[in-house]
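Here is a colleague's note for someone opening this structure for the first time. Please read the points with the structure in view.

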Amino acid sequence: MKPSLGEKIYLLAVYMVLAGAGLLCLLPLVHIASVSSSSLQAVASGHVTFYPIGFSLDAYKQLLEGTPIMRSFWNSMQITVLGVIFSMLFTILAAYPLTRSYFIGRRTYTFGIVFTMLFGGGLIPTYLTIRSLELINTYWSLWLPGLVSVFNLLVLRTFMENIPTEVDEASRIDGCGEWRYLLRIVLPLSTPVLATLALFYGVGYWNAFFNVLMFINEPAKFNLAVLVQQMIQSQTMLSQMNAASGSSEQIMLTPEMVNAAAIIIMVLPMMAVYPFLQRHFVKGVMIGAVKG
Amino acid sequence: MIRLWRRNIPLYMMFVPVIIFFILFKYVPMFGAVIAFKKYNFADGMLHSPWVGWDNFKLLFSTPTTLQIIRNTLVISLLSIFVGFPFPIILAIMLNEVRRMWFKKVVQTLVYLPHFFSWIIVSGIVITVFSQQNGLVSGIWESLTGSTYPFLYREGSWLAIFVSSGIWKEAGFSAIIYLAALTSIDTTLYEAASMDGASRWRQIWNVTLPGLRLTIVLMFILSMGRVMEVGFDQVYMLQNSTVSNISEVISTYIYKIGLMGSQFSLTAALGLFESLISLILVLIANAIARKYGNGLW
């Protein structure tokens with residue numbers, strides 16, 4: 001079937017639009033990276049577009065020396081790694097029994113869990129509950145409320161249900177107990193979905209802002225997200241940094257440069273991990289999409 | 001019978017922590033929402049604070065601020081949904097047309113990326129790019145019109161930026177659902193159509209879109225069900241006092257007045273109102289979706 005001229009033009013248009021869309025997603029980040037590593041004059045005059053002019057890492061130096069950004073980075077790391085471990089643990093422990101048809105109360109539990117997706121106590125009651133448990137200002141207040149995402153749970157459960165019953169019966173005949181079946185057979189078979197869910201949880205914990213804002217009062221415990229947001233919103237950080245620089249030459253930086261550098265620091269871990277995990281999560285989301 | 005119980009023991013060992021979690025952190029707050037009908041104070045806690053019935057609600061709905069907040073929430077939400085709706089669909093259809101795998105993979109990688117950025121990052125980018133002093137867009141605008149424009153400080157442009165940044169962030173990732181649906185369309189339909197002489201465009205109109213109709217309806221209904229939930233992060237990052245008339249939404253208001261201002265009962269009432277409306281909307285949405293043959297459960 002020979003493509004007509006109209007079809008060739010159409011296809012060309014599609015490619016161009018898609019290329020545009022891809023660039024649109026990439027270029028803002030490139031611009032920010034350029035701003036963060038350009039010289040003061042270039043940024044102030046508004047000439048920086050997509051490559052650094054007058055390459056300098058002053059903004060980063062100032063950030064690392066004058067602000068608690070490394071500590072916040074480390075906090076974010078702690079919150080994310082431990083959060084993913086806890087969440088994955090509980091999600092697995094929740095999903096597996098729900099796939100067993102002989103689990104007493106299965107329907108009730110499923111309904112009870114799905115119901116929490118539709119209706120919640122709201123922000124204030126949740127806050128007050130956490131407070132009455134005296135978990136304010138600890139990282140538990142970040143891990144516990146969002147421990148299990150019902151959406152992730154359902155995705156995992158669907159995947160587990162699709163494990164053929166022959167595998168189940170064969171292991172049953174071999175005298176395999178529930179724990180061993182879960183650990184030796186179900187989990188190894190579920191690695192794509194587990195990787196996807198770990199990624200989703202990880203991104204959620206790394207980017208957590210509102211919860212940290214709500215529950216954590218001590219600035220030393222802030223995570224990267226809150227710190228960067230404060231920097232972007234207020235100029236006082238900048239003057240603090242200038243005061244802390246201490247060197248005889250006042251290194252003047254525009255707020256944009258500092259913000260840009262902070263944004264890059266926050267994005268870097270994700271960019272490092274993203275290409276490797278990208279192929280996995282598309283499959284995971286498609287499984288979730290089939291469900292609902 | 002005993003065998004059934006015995007088989008359930010390891011399962012319950014696994015599940016009991018989960019039950020505790022859901023009760024403690026999901027259902028206790030649900031019942032704690034009862035403070036919407038009380039006048040909460042620290043000393044008496046959730047259980048013993050004095051009962052005031054509908055007073056909080058009456059106060060809430062007689063204040064013009066509340067109605068403005070709700071209006072803002074709906075405006076922002078509906079705009080975001082309606083304006084943003086076509087983009088993932090168009091993106092998915094276009095990606096489906098591409099035959100060169102490497103191109104498709106690269107574009108997909110790029111386009112899914114913004115979904116993983118937190119709103120801190122996206123708002124940081126927006127604020128930098130639209131900044132009146134040195135922003136990239138401001139520079140271009142200045143060379144075109146000769147003067148600068150306070151993009152983030154005028155209600156109209158703020159709203160446009162808000163909605164566009166939301167689309168930028170989520171359109172790519174949302175397209176995955178449509179891409180999945182596209183793969184389930186019977187390819188023989190395409191062959192039959194092209195044999196009847198249909199051009200690619202015609203094929204999209206008559207085969208692809210009808211094939212997607214179910215998914216589109218479902219996604220639309222689902223987003224309608226969540227119209228009251230304007231996320232805190234996006235609004236909080238992008239708002240400023242100049243545009244507070246249109247940018248204060250339910251979630252940010254509850255945070256500021258409830259948490260920061262310690263008006264717990266009042267904002268709990270607002271939160272309960274929001275949760276109830278959301279629940280009703282989702283139930284209605286699901287009932288309609290059932291009519292089309294595809295419910296959530």
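1. Contact here has a cut-off: the C-beta atoms of the two residues, placed from the backbone, lie within 7 Å. Domain 1 covers 1-56 and domain 2 covers 58-292 of chain A; such bounds come from an automatic or database domain assignment.

2. A word on conventions. Residues are numbered from 1 along each chain as its sequence is written, with chains lettered from A and ligands numbered from 1 in the order in which they are written. The model is predicted, so local features need pLDDT of at least 70 and side-chain atom pairs count only at pLDDT 80 or more, while totals for chains, interfaces and linings use all residues.

3. Now chain A as a whole. Chain A has 15 helices and 0 strands. Helices (H or I, at least four residues) and strands (E, at least two) are DSSP runs, numbered from the N terminus. Buried residues make up 39% of the 292 residues in chain A; buried means that 20 or more other C-beta atoms lie within 10 Å of a residue's own, with C-beta atoms placed from the backbone. Of the contacts in chain A with a separation of 6 or more, 72% join residues 24 or more positions apart.

4. Next, the contact between the chains. Chain A puts in 78 residues and chain B 72 residues. On the chain B side, helix α1 (residues 2-32) has the largest share, 17 residues. That side divides into 50 nonpolar, 17 polar and 5 charged residues.

5. The axes of α1(A) and helix α7 (residues 119-130) of chain B come within 10 Å and cross at roughly 70°. The two helices are therefore roughly perpendicular (65 to 115 degrees). P28(A), H31(A), I32(A) and V35(A) meet I125(B), T128(B) and V129(B).

Note on methods: A residue is buried if 20 or more other C-beta atoms lie within 10 Å of its own, exposed if 12 or fewer, and partly exposed in between; C-beta atoms are placed from the backbone. Ala, Val, Leu, Ile, Met, Phe, Trp, Tyr, Cys and Pro count as nonpolar, Asp, Glu, Lys and Arg as charged, and the others, Gly among them, as polar. Axes are lines fitted to C-alpha atoms, for helices over the stretch in contact, and angles run from 0 to 180 degrees between N-to-C directions. Angles under 35 degrees count as roughly parallel, over 145 as roughly antiparallel, 65 to 115 as roughly perpendicular and the rest as oblique.
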